[in-house]
Amino acid sequence: MMKTAFKKLRQWLRPDRPVYCYYSIRLQKYLACQVVKTRKLDGKMLSGLILLDWLGDDLITPREFKKARAMKIRFFPQPLPRTFIPVFDAPRHRYPMSFYIWDIPIGWWPVFADPLEKRKLFSHLPSEQSYGRLTLEQQTGILDLRGKKSIIDISDSALDEIIIDSDVQYLSLCNSKVTIITDPRHGLLLDLLCLSSGGDFPRGMEDLTGLVLFQAEYVNLKAVADAFPNLRQLSINGECGQLTGLSALKKLPQLEYFICHDMYGYDGDGMPKPEEMPRLSYIWLDGFPAEAKKEIGKHWKAAGGVTLWLEKAKTREWVERNRDNPFRAWYFADEENVSAAQIRKAGDIYKQAKTRMAALSGFPQEERAAAYGKIVGDYIAAFNALQRQHPIESEDEVDEVFEALQSAVRLAPGEYDAAKLREIFDSGKKFSIIHTKE
């Protein structure tokens, strides 16, 4: 009688929760976690998971589960990924009381295993190497980066070869062409970031697991799949770009996470079906063709173990209208201070300034300075008028307004003084802009 009562009390205090395993391609080991609670945030159900400090060649056993140390709780959007393997139910893990905090971190599935993977892979490195960053510019020939920092940024370079070791975690290539990357693990432990790559990918990365493309104007997914056939994570951050070869995603059998922002030019018909990509568990399209929404949603919304976010679908007309709008990104933000009409107006102000600056080449030399000053003054006054009814809160967007002005000024004949232009801009502006929803 007492045993039964005690068992019921224990079950009430520490109810059984599901335990899952996940195979880490980078570690070539199984990881384990337990769902310990759920919560609702902004209408979405989240699962609270504890990642265990445990690795195994096979699925975790109840005995190993009891001995494993818990890492911090992190909440993820439901459902659990298809790659999670249910093992057994067990009493909720005895994680420290310090885990009960109000500000519990919200995560996203692509970084689920990162804390444990990075610690196991790179804990042998001194902190100045594992957290240090090496920045290189205008490099040519062969670059040997073995024994250097774990985070490496290379920009404005044309290289025949980059040689790295397994201690490099992140490699960023900005406006750089690299013929081959020589790595003993062929990219298995590496996250590769390519900024404005133009689709020229380095050879030698057959086992790359993480690829991020920034400021992409054109991406052919067939070229991505050919260069990196074992990708697990693919993130594309476009600039009102064109995406082709959507059907080539099925040539990436290990792909688990696909994130694509501000890319257009596809209709959804080529999107592989869930059964063709058994590991794909997280799809986030943010700024994508409106005509693709129905087709992708039809197949993937009902797929079990898949988180599907389809946000800010845009028509072909919107894409054409905003392709040359430097304030296009404001459509994708999350505040509510600036309307879609104001964003369109901001784009029109920029386009007018750009047209007028380009026309200065037809002015007599002696009239150009006055005309130039008038265009700059009109640009600042137009933004002052546009934002008169909104509070001054953010400097980031003010910088974007200035950068757009600089872009227009570059079309004028002759050189310009950037510092002087900024001084005129700052003295005349009476506004700040906050990103908002359309």
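Let's start with strand E9, residues 158–163, and its partner E11: five bridges join the two, and they run parallel. Strands here are DSSP runs of E with at least two residues, helices are runs of H or I with at least four, and both are numbered from the N terminus. Two strands pair if DSSP finds at least two bridges between them. If you'd like a spot to look at, find Ile162, which stands opposite Ile181 in E11.

A quick word on the source: this is a predicted model, where local features need pLDDT of at least 70, side-chain atom pairs count only at pLDDT 80 or more, and totals for chains, interfaces and linings use all residues. Residues are numbered from 1 along each chain as its sequence is written, and side-chain values use heavy atoms, leaving out hydrogens and water.

Back to the strands. The open sheet has three of them, ordered E7-E9-E11, with parallel pairing. At the edges sit E7 (140–144) and E11 (177–182), each pairing on one side only.

Now for the helices. H8 (residues 340–359) and H10 (residues 396–409) have axes that come within 8 Å and cross at roughly 25 degrees. Axes are lines fitted to C-alpha atoms, for helices over the stretch in contact, and angles run from 0 to 180 degrees between N-to-C directions. H8 and H10 are therefore roughly parallel to each other, a label for angles under 35 degrees. Who touches whom? H8 brings Tyr350, Ala353, Lys354 and Met357, while H10 brings Ala404, Ser407, Ala408 and Val409; contact means heavy atoms within 4.5 Å.

Conventions
Parallel < 35°, antiparallel > 145°, perpendicular 65-115°, else oblique.
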